[in-house]
Amino acid sequence: MLAPALAADLSIAPIYSAPSAVASWAGSYVGVSGGGAWGSAVVRNNATGADQTPRIDLGGGIIGLTAGFNIQNGSALFGLEGDISAANKKGARSNFRPTPPSATR
């Protein structure tokens with residue numbers, strides 16, 4: 001004998017309506033940005049493999065602020081935006097004893 005399956009938690013799926021097609025870009029906004037930088041540099045003599053300059057290590061950070069506002073009139077958008085950033089990047093060199101010139105006399 002066959003019997004139908006019944007479940008208490010099943011119901012009719014909800015009916016969703018599509019979002020309105022009118023979007024507005026009008027309004028103000030504020031944003032913050034940040035980051036970092038690091039690296040190193042040295043001049044090396046490929047023939048001898050010796051460093052010709054001290055090694056320079058670089059590092060630091062950057063932070064910025066962005067703010068603005070937009071006004072929308074139909075399909076036209078007018079806005080004003082400004083931003084400012086500050087960086088603090090420093091370099092340090094490690095001292096080394098330069099290779100003395102070879103005696104050619």
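In what order do the strands form the open sheet, and what is the sense of the pairing? Please take strand β2 in detail.

Mentor: This is a predicted model, where local features need pLDDT of at least 70, side-chain atom pairs count only at pLDDT 80 or more, and totals for chains, interfaces and linings use all residues. Residues are numbered from 1 along each chain as its sequence is written, and side-chain values use heavy atoms, with hydrogens and water left out.

Now the sheet. 3 strands form an open sheet in the order β1-β2-β3, with antiparallel pairing. β1 and β3 are the edge strands, as each pairs on one side only. From one strand to the next, the twist averages 10°. Axes here are lines fitted to C-alpha atoms, for helices over the stretch in contact, and angles run from 0 to 180 degrees between N-to-C directions. Strands (E, at least two residues) are DSSP runs, numbered from the N terminus, as are helices (H or I, at least four). Two strands pair if DSSP finds at least two bridges between them. Strands of a sheet pair through backbone hydrogen bonds, either parallel or antiparallel.

Strand β2 covers residues 56-73. Take its β1 side. β1 (27-41) runs antiparallel to β2, joined by 15 bridges. Ser28 stands opposite Phe69 in β2. Val32 faces Leu65 of β2 in the pairing.

Next, the β3 side. β3 spans residues 76-93, and its antiparallel pairing with β2 has 18 bridges. Asp57 stands opposite Ala92 in β3. β2 and β3 form a hairpin with 2 residues between them. In that turn, Gly74 has a positive phi of about 70°.

Asn70 is buried, because its relative accessible area is 18%. Buried means under 20%, exposed over 50%, and partly exposed in between (1.4 Å probe, protein chains only). Leaving aside neighbours within four places in sequence, the contacts of Asn70 (heavy atoms within 4.5 Å) include Trp25, Tyr29, Phe78 and Leu80.

Leu65 is also in β2. With a relative accessible area of 42%, Leu65 is therefore partly exposed. β1 and β2 each supply at least two residues of the patch.
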